Amino acid sequence: MQQQLRFNTTDSQTAAATKKPFSKWRALKNVVKYGLVASVAYGTYTMYDQRHPPEQQGEIDPSKKTIVVLGSGWASTSFLKAIDTEQYNVVVVSPRNYFLFTPLLPSCTVGTIDVRSLVEPIRFITRHKSRQVRVVEAECTDVDPERKVITITDNSDIKGQASTSELSYDYLIVGVGAMNQTFGIKGVEQYGCFLKEVWDAQKIRTKVMDCIETAAFPGQSSEEIERLLHMVVVGGGPTGIEYAAELHDFLVDDLTAWYPELAGKVKITLVEALPNVLPAFSKQLIDYTESTFKEQNINIHTKTMVKEVCEKEIVVQRPDGTKDTIPYGLLVWATGNTTRPLVRNLMARYPEHQNIRRGLAVDDWLCMEGTKEIFALGDASATKYAPTAQVAAQQGKYLARVFAQLASQETLEAEVAAATSEDEKAKKMRKLQKAKDIKPFHYSHQGSLCYIGSDKAIADLPFGPGNVASGGVATYAFWRSAYISNLFSTRNRTLVITDWLKKTILGRDISRE
Ligand code: FAD
Ligand code: NAD
């Protein structure tokens, strides 16, 4: 019996031992299965929720203060998402009725991603707020701080009877971003292509294909073919680098197959005034990018300053001071930002307080210096931070918190005045003191990423007191997942993933738009 028992025990132990890895495998399978079901259910719910906005309360409440938000970019959209519309009337004024996810815009220039996958209509956000938000597709052309009024103009192609109007504000949020910097160099506006907006990416895509088809026109001289197929990028910042990288991938992945006679003649050149590209990245990543570009046959001309842009060539100043010309078919101009006229006009109203050329000087709470009711954020403001989406988004979220605290201050002030006993008054006063203690804006840097072509990316990530620099294919996987998770909505995520799959399976579309 004892022997039998022992035998049984050993048997069940053996069974357990053989079952253990199996049950672990089964547990893993269950986790994956239920995880998938949960994410599909969550995705379906969020998409349903997005398509079916709830009933909203009425529009303008005269008892509440009105915030007018200028722009629908990173800064303004992040503010809009976080602002409590129960506490304020909110009006958005922007010449474009959508938010654009700029980090993936270079991918649209060659058709890796469709521009529609990167935009999110601003009404998708405002319709989900508890109280109605007024959205006006117009450009703010003037701000009158004395009257607390802005002038708005409908600059779209179709205009109604009314195309200019005025709007009053209690608080004004200036999130109009910046314009492309040209340094006043002759010919840039006329012949160069910028890369900032949806239409810029579309224009570049059309022009690339036009250059190639024109080069294929019968009887073209070899010199002309060489010029037409020379794609020049000016500016070795992240925009210029990412564009050159995308163009390289398009050339290798698609053009080689569809234009075998021309693809070998396509040349990509990047011109940079400084001694190296990507000055904001760490030295090893700069070297890695430059060597990767060399492997990809992308020519980098550093210490070379563009002095003039003509219809078919650029005039550059070489490191030794001599002038030279570079013929081009397509010219992409990516030399950074400058302030918009609206921002310059606003600055001119406060000459004593506003003298930073980069943008609107603000205090630590993002309030425009010299004013009490105007706030500036994102690329329109001049702070110690780089003009990036990360900074703009964090500022927008922060400013919504500031407004929440301002609203609770007002409520508490009324409650203090209405307090019936000393005890109650003291209690409310303590709360009011707390609400008045608004912490200054603090930026938390999440790292810098840049795509450099051939499925490689670079990343400078903060780690402890220093940072970790990494580059290569694994970093590209990280780059992709970081951008996918940062995309605006489930809709955008689905569209971008579909675009990537389409590109991998079917290749990019080479037809001209
Ligand atoms: P924007 O996003 O430019 O928005 C400005 C808004 O104001 C727009 O809606 C515009 O239509 C509107 N507007 C303009 N004029 C007026 C007016 N007169 N009245 C009312 N509204 C007006 N940053 C990163 O951190 N990571 C990246 O990977 C990255 N990649 C980038 C790639 C590209 C190609 C580019 C161009 C930029 C990239 N950036 C990136 C930088 C980032 O896009 C900007 O810093 C960010 O867009 C700034 O946000 P913003 O809200 O201040 O301005
Ligand atoms: P940038 O200011 O970063 O770089 C512009 C470059 O152009 C500079 O290196 C400058 O030396 C060069 N330049 C200027 N004039 C020149 C001339 N005449 N000839 C030759 N070179 C000239 O501009 P950007 O790349 O457009 O970036 C703008 C902002 O957006 C930056 O803050 C950047 O960090 C951010 N951004 C970030 C990413 C990313 O994180 N992946 C991508 C794009 C943009």
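**The shell around ligand 2**

Modeller: With three residues, helix 8 makes the largest contribution to the shell around ligand 2. Helices here are DSSP runs of H or I with at least four residues and strands are runs of E with at least two, both numbered from the N terminus. The model is a predicted one, in which local features require pLDDT of at least 70 and side-chain atom pairs count only at pLDDT 80 or more, whereas totals for chains, interfaces and linings use all residues. Residues are numbered from 1 along each chain as its sequence is written, chains are lettered from A and ligands numbered from 1 in the order in which they are written, and side-chain values rest on heavy atoms, without hydrogens or water.

The shell of ligand 2 holds 23 residues, and the closest are Thr 239, Glu 272, Ala 273, Val 306 and Leu 449; a residue belongs to such a shell if one of its heavy atoms lies within 4 Å of the molecule. At least two shell residues come from helix 8 (238-258), and at least two from strand 14 (305-309). By class, the shell of ligand 2 comprises 13 nonpolar, eight polar and two charged residues. In this scheme Ala, Val, Leu, Ile, Met, Phe, Trp, Tyr, Cys and Pro are nonpolar, Asp, Glu, Lys and Arg are charged, and the others, Gly among them, are polar.

The side chain of Thr 239 places an N or O atom 3.0 Å from an oxygen atom of ligand 2. For Pro 238, a backbone N or O atom is 3.3 Å from an oxygen atom of ligand 2. Glu 242 is involved through its side chain, where an N or O atom lies 3.4 Å from a nitrogen atom of ligand 2. The protein buries 77% of the 830 Å² that ligand 2 exposes when taken alone; accessible areas follow the Shrake-Rupley method with a 1.4 Å probe.

Ligand 1 may be described in the corresponding terms. Its shell has 29 residues, with Ser 72, Ala 75, Thr 102, Asp 379 and Tyr 483 as the closest. Helix 12 gives the most to this shell, namely three residues. Helix 2 (74-82), strand 2 (88-94), strand 6 and helix 12 each provide at least two. The shell of ligand 1 divides into 13 nonpolar, eleven polar and five charged residues. Oxygen atoms of ligand 1 lie 2.9 Å from a polar backbone atom of Ala 389, 3.3 Å from one of Gln 390 and 3.5 Å from one of Gly 73. Of the 1,000 Å² of accessible area that ligand 1 has on its own, the protein covers 90%.

Tyr 483 belongs to one aromatic cluster together with Trp 74, Phe 99, Phe 101, Tyr 451, Tyr 476, Trp 479 and Phe 488. Rings of Phe, Tyr and Trp (its six-membered ring) pair if their centres lie within 6.5 Å; planes under 30 degrees apart are stacked, over 60 edge-to-face, and the rest tilted. This rule gives 17 aromatic pairs. One of them joins Tyr 385 and Tyr 443, a tilted pair with 5.1 Å between centres and 55° between the planes. The pair links distant parts of the chain, 58 residues apart: Tyr 385 lies in the loop between strand 21 (381-382) and helix 12 (389-418), and Tyr 443 in the loop between helix 13 (422-436) and strand 22 (448-453). Tyr 443 counts as buried because its relative accessibility is 13%, where buried means under 20%, exposed over 50%, and partly exposed in between (1.4 Å probe, protein chains only).

Terms used
A polar contact is a pair of N or O atoms within 3.5 Å; within protein, one must be able to donate a hydrogen and the other to accept it, and residues adjacent in sequence count only if both atoms are side-chain atoms.
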